[in-house]
Amino acid sequence: MKKLIAGNWKMNGSLAANEALIKGLLAGATTPWNCNVALCVPSVYLSQVVALTQGSPIAVGAQDVSQHESGAFTGEQSAVMLRDLGVRYAIVGHSERRQYHGETDVVVAHKAQRALASGITPIVCVGETLAEREAGVTEEVVKRQLAAVIHVNGHCISEIVVAYEPVWAIGTGKTASPEQAQAVHAVLRAQLHAASAQSARVPLLYGGSMNAANAAQLLAQPDIDGGLVGGASLKAADFLSIIAAAS
Ligand code: PGA
């Protein structure tokens with residue numbers, strides 16, 4: 001399976017900076033990438049980034065999607081709208097959404113369902129906090145988070161992407177060791193396999209301070225199928241190094 005490297009710009013960018021970054025990435029693609037690449041960008045820039053990446057190997061993703069189909073939900077974007085723009089992926093259940101916007105496991109599961117119904121691949125984020133890791137409940141937490149998504153999405157579950165993002169590793173410069181990440185990925189793989197044989201092939205991304213220096217080692221783990229990259233996706237050279245490590 002080709003690896004998937006997805007950038008998560010979070011709330012960063014400007015028209016000028018986005019254009020420079022994408023031009024830098026495309027200029028750096030001198031040999032064809034042997035991995036899938038996506039950029040998950042702020043919703044206001046989706047149209048711009050779709051236009052800039054047209055005909056290129058870069059797919060575009062949103063950072064969130066509404067759990068509702070349409071209607072009186074001020075400020076939200078529906079999966080149908082995202083699809084309309086040419087968006088391929090949507091991150092759902094990022095820990096920042098869970099933490100600052102009160103998204104529960106059930107809400108995240110319904111967001112994944114909306115995305116799937118519109119032909120958008122949800123990148124479902126799971127991960128434990130530092131307190132949960134220290135309490136020894138990492139497995140329990142990630143399994144609970146994924147179970148909600150499996151429960152709501154049934155046989156469609158083989159169409160999702162899962163990102164394991166330990167909350168303590170996000171934006172902190174503290175990466176999970178390849179062994180720590182692999183251990184959790186193996187748990188998630190087994191859980192998906194138990195849901196259906198096909199789901200065992202769901203791509204499992206690692207996220208949390210992945211960078212040019214540590215990507216190769218993480219991506220070499222048997223159950224790490226790619227990365228969800230925050231800070232390092234904002235610099236063309238760094239993101240290109242990660243893409244190279246995945247190719
Ligand atoms: P980071 O963010 O790479 O900056 O740690 C990853 C993420 O939150 O998706």
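I count a residue as buried under 20% relative accessible area, exposed over 50% and partly exposed in between, with a 1.4 Å probe and protein chains only. By that rule E103 is buried, at 8%.

**Ground rules.** I am working on a predicted model, in which local features need pLDDT of at least 70 and side-chain atom pairs count only at pLDDT 80 or more, while totals for chains, interfaces and linings use all residues. Residues are numbered from 1 along each chain as its sequence is written, and side-chain values use heavy atoms, with hydrogens and water left out.

**Overall fold.** I looked up the secondary structure and found 10 helices and eight strands in the protein chain. Helices (H or I, at least four residues) and strands (E, at least two) are DSSP runs, numbered from the N terminus. The C-alpha atoms fill a box of roughly 45 × 45 × 35 Å along the principal axes. I then checked the radius of gyration, taken over C-alpha atoms, against the globule rule of 2.2 Å times the number of residues to the power 0.38. For 247 residues a compact globule would come near 18 Å, and the chain has 17 Å, which agrees. Of the 247 residues, 51% count as buried.

**Ligand site.** I find 13 residues around the ligand, and the closest are K10, H94, E165, G171 and S209. The criterion for being near is a heavy atom within 4 Å. The shell divides into four nonpolar, seven polar and two charged residues. In this scheme Ala, Val, Leu, Ile, Met, Phe, Trp, Tyr, Cys and Pro are nonpolar, Asp, Glu, Lys and Arg are charged, and the others, Gly among them, are polar.

An N or O atom in the side chain of E165 is 2.7 Å from one. A backbone N or O atom of G171 is also 2.7 Å from a ligand oxygen, and a backbone N or O atom of G230 lies 2.8 Å from one. The ligand taken alone exposes 280 Å², of which the protein buries 95%; these accessible areas come from the Shrake-Rupley method with a 1.4 Å probe.

**Salt bridges.** I searched the whole structure and got 12 salt bridges, each a side-chain nitrogen of Lys or Arg within 4 Å of a carboxyl oxygen of Asp or Glu.

K10 and E96 meet in one of them at 2.9 Å, N to O. K10 is in the loop between strand 1 (4-8) and helix 1 (15-28) and E96 in helix 4 (residues 95-100), so the pair ties together parts 86 residues apart in sequence. E96 is partly exposed, at 26% relative accessibility.

E69 and R114 form another, at 3.8 Å, N to O. E69 sits in the loop between strand 3 (58-62) and helix 3 (79-85) and R114 in helix 5 (residues 105-117), so this pair ties together parts 45 residues apart in sequence. E69 is exposed, at 54%, and R114 is partly exposed, at 29%.

I returned to E103, which meets R97 in a salt bridge of 3.0 Å, N to O. R97 counts as partly exposed, at 24%. Salt bridges with shared partners join D64, R97, E103 and K111 into one network.

**A helix 8 position.** I looked up A181, which is in helix 8 (residues 178-195). A181 is buried, at 0% relative accessibility. A181 and D223 are 42 residues apart in sequence and 8.9 Å apart in space, C-alpha to C-alpha.

Methods
Polar contact = N/O pair within 3.5 Å; in protein donor to acceptor, adjacent residues only side chain to side chain.
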